[in-house]
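Subject: Structure handover

Hello,

Please find the structure below. My notes on it follow.

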Amino acid sequence: MKTKIIPMDEKHIDKEALKEAGKIIQSGGLVAFPTETVYGLGGDALNEESSGRIYQAKGRPSDNPLIVHIYRMEDLYPIVEQVPETARKLADAFWPGPLTMILPKSDIVPRATTGGLDTVAVRMPMHKVALAFIEAAGGYVAAPSANRSGKPSPTLAKYVAEDMDGRIEMIIDGGENRIGLESTIVDLTEGIPMILRPGYITKEMLEEVLGEVRVDKTVLDNCSGQPPKAPGMKYRHYAPKGELTIIGGPQERVVDEINRRTKRMKEKGEKVGVIGTDDTVSGYLADSVKSAGDRKEEATIAKALYRILREFDEEGVTVIYSESFDASEENGIGQAIMNRLLKAAGHHLEQI
Ligand code: TXA
Ligand code: MG
């Protein structure tokens, strides 16, 4: 299969190209598209066979449910059994946007889309290309992140192409995604709302609207033996090819420690990459040193993280050291950053 790549930015929506993309979805094909978080790999959410094709293209186990993307609020009602007050409030506050809600599914959503579950994950993205594409596709687009299973989610179309070229019909290239980490997932099906995956919409923001909100224990702990509530969070994730270790501690000591280890690894013939921050990058000795961004503006770090992991792969880096980030609850997006970084590192975090 030849994969067609169509450039499109939010200011210039190409209706003709979207019509073609919509036809592909409606005839059971797959189209990757930009959202404000990461690129999605879209198929018809109400067609079992499309979901099957998504799993195949990603190389993803089919017990890992997909998020159904909608473009307007009224389309929520037909796919869920009921819309609780909590969901209405969250939709008012954060949709369109980087928030996914888990709700009891209705009969029209095939179990192939929900990984066999009776619940469905729903999100209304805010990227204008995504919204116009979902509309052209018929209103319900199932979309996981557009990476091959296990790899970092793509935040640029060239990384979608790297993983999906020849496996899907079309890629809509909307440039770099603004947020760079996947949406916050909140489960509204049981009592107190529970964050299953942290993201740009933080616990604090949700609590302002809902009152008490809990965070699934497996979000930052390794909790071996205990399955996370979002099935996808149990798989090896976001993993670069190089062996990644996170080093936490006082900044100066972290730089020294990473440099000490870098030297040792270089002597062994390894190619070493370091993830630092604007304040520290000039102090590292590794083969490839990258700043994730500014610690005072953690959104910059969220946006850069997956791109950096992919760049290390491109450069053939075999060992990676990363600084650690503040994941305390008050620190909004820090939890999301550490959740992804810990998974990418297989929870290999050393405090010094
Ligand atoms: O930002 C995003 O959410 C991106 C863009 C493309 O919208 N999508 C995305 O999808 O990250 P994916 O498939 O890579 O991650 C979806 C996560 C998985 O961990 C999955 O297990 C969980 O959502 N999930 C989906 N449906 C669920 C359900 N009914 N109950 C619990 N977890 C669910
Ligand atoms: Mg994913």
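The lining of the largest cavity has four nonpolar, four polar and three charged residues. In this count Ala, Val, Leu, Ile, Met, Phe, Trp, Tyr, Cys and Pro are nonpolar, Asp, Glu, Lys and Arg are charged, and the others, Gly among them, are polar. The model is predicted, and local features need pLDDT of at least 70, side-chain atom pairs count only at pLDDT 80 or more, while totals for chains, interfaces and linings use all residues. Residues are numbered from 1 along each chain as its sequence is written, chains are lettered from A and ligands numbered from 1 in the order in which they are written, and side-chain values use heavy atoms, with hydrogens and water left out.

Cavity and domains

The structure holds one cavity of 30 Å³ or more, and the volume of the largest cavity is about 80 Å³. A cavity is a set of points, on a 1 Å grid over the protein atoms alone, where a 1.4 Å probe fits but cannot get out; a pocket is an open set with protein on both sides within 12 Å along at least five of seven lines; lining residues have an atom within 4 Å of a point. Grid points are joined across faces, edges and corners, and a volume is the space filled by probe spheres set on the points. Among the residues that line the largest cavity are I195, P198, K203, V215, E329 and Q335. Domain 1 (4-219) and domain 2 (243-351) each give at least three residues to this lining; the bounds come from an automatic or database domain assignment. The C-alpha centres of the two domains lie 28 Å apart. In domain 1, 29 residues are in contact with 18 residues of domain 2, contact meaning heavy atoms within 4.5 Å.

Pocket

The largest pocket has about 670 Å³ of space. Of its 44 lining residues, R60, P65, I67, I185 and R197 lie nearest its centre. The lining divides into 19 nonpolar, 16 polar and nine charged residues. Strands β4, β6 (119-123), β9 (184-187) and β10 (194-197) each supply at least two of the lining residues, and the largest share, four residues, comes from β6. Strands (E, at least two residues) and helices (H or I, at least four) are DSSP runs, numbered from the N terminus.

The two sheets

Eleven strands form an open, mixed sheet in the order β1-β8-β2-β3-β7-β4-β6-β5-β9-β10-β11. At the edges, β1 (4-7) and β11 (214-215) have a single partner strand each, so one side of each is left without a neighbour in the sheet. Two strands pair if DSSP finds at least two bridges between them. Strands β4 (67-69) and β7 (141-142) are antiparallel and joined by two bridges, and V68 has A142 of β7 as its bridge partner. Helix α2 (48-58) lies across β3 (40-44) and β7, at about 155 degrees to β3. Axes are lines fitted to C-alpha atoms, for helices over the stretch in contact, and angles run from 0 to 180 degrees between N-to-C directions.

The other open sheet has five strands in the order β14-β13-β15-β12-β16, paired in parallel. Its edge strands, β14 (288-291) and β16 (349-351), pair on one side only. Four bridges join β13 (272-276) to β14, where K290 stands opposite I275. Helix α7 (251-267) lies across β12 (243-248), β13, β15 (319-323) and β16, at about 180 degrees to β15. Helix α9 (334-344) also packs on this sheet and touches β12, β15 and β16.

Regards
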